[in-house]
Amino acid sequence: MLLGCSRTVAGFSRKGYMEQLKQIVLERELKERLRWLVRLRWYAAGCVFGVITFTHFVFGLPIPLLPLYIGNLVLFGYNGLVHWFGGRVEAPENSGVWFPKARRLANFQITFDLLLLTFFLHYSGGVENPFVFYFVFHMVIASILLSRKAAYFQFSVAVVCLGAMIFGEYYGILPHTHLRGFIPASSCFLEMPYLPGMFFVFISTLLLTVYMTTSIVDRLREGESELAVANRKLQEQDRIKSQYVLTVSHDLQVSLSAIQSCLKVVLSNFTGTLSDKAREMVCRAEERSQYLLLFVKDLLDLSKIRAAKEFQKQEVRLSETVSRVLQQLKRPAGEKDIRLDVLKCNGVSVSGNPQLLEHVLLNLIQNAIRYTPQKGRVSVECRCSNGNGTVEVVVTDTGIGIPLEDIPRIFDDFYRAGNAQILEKKGSGLGLSIVRQIVAAHRGEVWVESDIGKGSRFHFTLPGYTE
Ligand code: ADP
């Protein structure tokens with residue numbers, strides 16, 4: 001079964017499945033990065049405004065303000081448009097055609113960014129402006145955002161833009177703005193053979209940047225797709241395992257119940273009087289079957305909770321749930337002379353599934369009674385947090401406590417601390433695991449504080465009920 005699973009998952013061939021996941025990874029990545037690019041451009045537009053203003057008014061460099069501010073306005077306006085258009089492309093009705101549209105939008109943005117960068121550079125010194133290195137950033141962004149082919153296309157756009165600016169200014173086709181005061185008057189970057197040399201070095205830098213970044217990004221994407229496949233496989237195997245445990249524990253429960261009924265009939269002398277020895281043996285068998293039945297019940301509960309995706313939620317009045325649970329536990333608490341207290345639970349309601357929340361409280365209070373010696377005290381307290389509308393429930397006992405090294409593991413399946421095993425031989429080690437699953441399904445948290453020999457305090461949070 002598992003072998004079949006590793007070759008074919010949900011009816012796809014492994015190759016086709018890999019391709020599908022790769023596509024999912026690419027789409028998710030593109031969506032996130034397009035939003036990131038828009039955010040980055042807002043910052044860039046703000047910085048461009050600051051740099052222009054600062055350079056002119058503070059440094060006093062002779063740069064033409066009007067075209068630069070117009071370029072800056074275009075940058076702001078165009079980013080606003082891209083933001084709006086990006087939102088439209090993401091609309092649900094475009095889900096089928098989203099990816100090609102988003103890719104075209106990403107390509108358009110990088111090309112337009114390169115054109116704008118060239119525009120800003122041209123009006124602020126051309127090759128004399130150190131911001132010319134920002135072409136490298138654009139190549140990195142293109143390589144991260146786009147396919148390898150598209151990244152090389154953007155590299156060509158950058159080469160054309162930069163070449164047109166440099167040689168246009170050199171041959172006098174475009175006016176050159178000399179950064180007087182920033183570059184010494186005697187030096188001019190628009191000289192031969194510096195210009196072609198610098199152009200060559202720059203092109204090779206951009207090319208290497210694209211080559212290296214696309215190689216790294218491709219490898220990362222490959223790794224991410226493989227992780228996604230492994231994750232799906234694990235989920236599938238987990239589902240199969242839960243289903244298997246569910247079926248087995250259900251069958252075990254039915255058979256164990258039948259065995260127990262038969263043993264009870266035998267013990268009641270219905271089938272004839274038992275000798276003392278036979279009675280003792282049957283009693284032990286009945287006790288064991290009772291323990292096994294409880295164990296299987298826990299296993300079944302856990303599998304059911306894991307298999308369920310959604311729970312029906314409604315208002316749950318904590319005072320009522322707590323008193324129902326205490327009613328069930330009155331006898332075991334009475335046998336050990338343990339005092340049970342309820343504090344501040346009146347009028348507190350949470351949003352959740354009543355049966356499951358009763359299960360949580362039953363597990364925690366039952367544990368508190370089991371792991372508390374004679375004449376101890378167990379209390380349940382409800383605390384409403386004012387800020388975020390959550391309710392915290394605290395179950396406190398004066399019992400044996402939990403050793404510090406066991407605390408991180410007690411919510412794991414089948415885990416029992418050493419001191420608990422000495423006090424109580426029987427126990428499945430599944431109760432707290434069930435508690436954690438239920439609380440997590442209600443978007444809450446559960447944790448414990450404990451002092452060995454003094455007692456434990458289990459806390460869990462739940463969303464408060466709002467009408
Ligand atoms: P079980 O009680 O069947 O062993 P649980 O999952 O309910 O299983 O609890 C796991 C372990 O956590 C227990 O075996 C015990 O070591 C520890 N534990 C839980 N509640 C308490 C408590 N109130 N006081 C001390 N130890 C506790």
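Q: Ala, Val, Leu, Ile, Met, Phe, Trp, Tyr, Cys and Pro count as nonpolar, Asp, Glu, Lys and Arg as charged, and the others, Gly among them, as polar. How do the residues lining the largest cavity divide?
A: This is a predicted model: local features need pLDDT of at least 70, side-chain atom pairs count only at pLDDT 80 or more, and totals for chains, interfaces and linings use all residues. Numbering runs from 1 along each chain as its sequence is written, and side-chain values use heavy atoms, without hydrogens and water. The lining of the largest cavity is made of Leu26, Glu29, Leu30, Phe99, Arg103, Leu145 and Arg221. They divide into four nonpolar, no polar and three charged.

Q: What is the volume of the largest cavity?
A: A cavity is a set of points on a 1 Å grid over the protein atoms alone where a 1.4 Å probe fits but cannot get out, and its lining residues have an atom within 4 Å of a point. Points are joined across faces, edges and corners, and the volume is the space filled by probe spheres set on them. The structure holds one cavity of 30 Å³ or more. The largest has a volume of about 40 Å³.

Q: Which element gives the largest share of the lining of the largest cavity?
A: Leu26, Glu29 and Leu30 are among the lining residues. The elements giving two or more residues are α2 (14–58) and α4 (98–122). Helices (H or I, at least four residues) and strands (E, at least two) are DSSP runs, numbered from the N terminus. The largest share, three residues, comes from α2.

Q: How many residues apart are Cys345 and Cys382?
A: A disulfide, defined as a pair of cysteine sulfur atoms within 2.5 Å, joins Cys345 to Cys382, S to S 1.9 Å. The pair links distant parts of the chain, with Cys345 in the loop between β4 (339–343) and β5 (349–352) and Cys382 in strand β6 (residues 377–384). The separation is 37 residues.

Q: Are Cys345 and Cys382 buried or exposed?
A: Relative accessible area decides: under 20% is buried, over 50% exposed, and in between partly exposed (1.4 Å probe, protein chains only). By that scale, Cys345 and Cys382 are both buried.

Q: About how many helical turns separate Lys277 and Glu280?
A: Their side chains meet in a salt bridge of 3.8 Å, N to O. Lys277 is exposed at 54% relative accessibility, while Glu280 is partly exposed at 38%. Both sit in helix α8 (residues 276–307), and because they are three residues apart, the separation is about one helical turn.

Q: Which residues are linked in a network of salt bridges with Glu381?
A: Glu381 meets Arg383 in a salt bridge, 3.4 Å from N to O. Glu381 is buried at 14% relative accessible area, and Arg383 is partly exposed at 30%. The network links Glu381 with Lys344, Arg383 and Glu392.

Notes: Salt bridge = Lys/Arg side-chain N within 4 Å of Asp/Glu carboxyl O. 1 Å grid on protein atoms, 1.4 Å probe; cavity = no way out; pocket = protein on both sides within 12 Å on 5 of 7 lines; lining within 4 Å.
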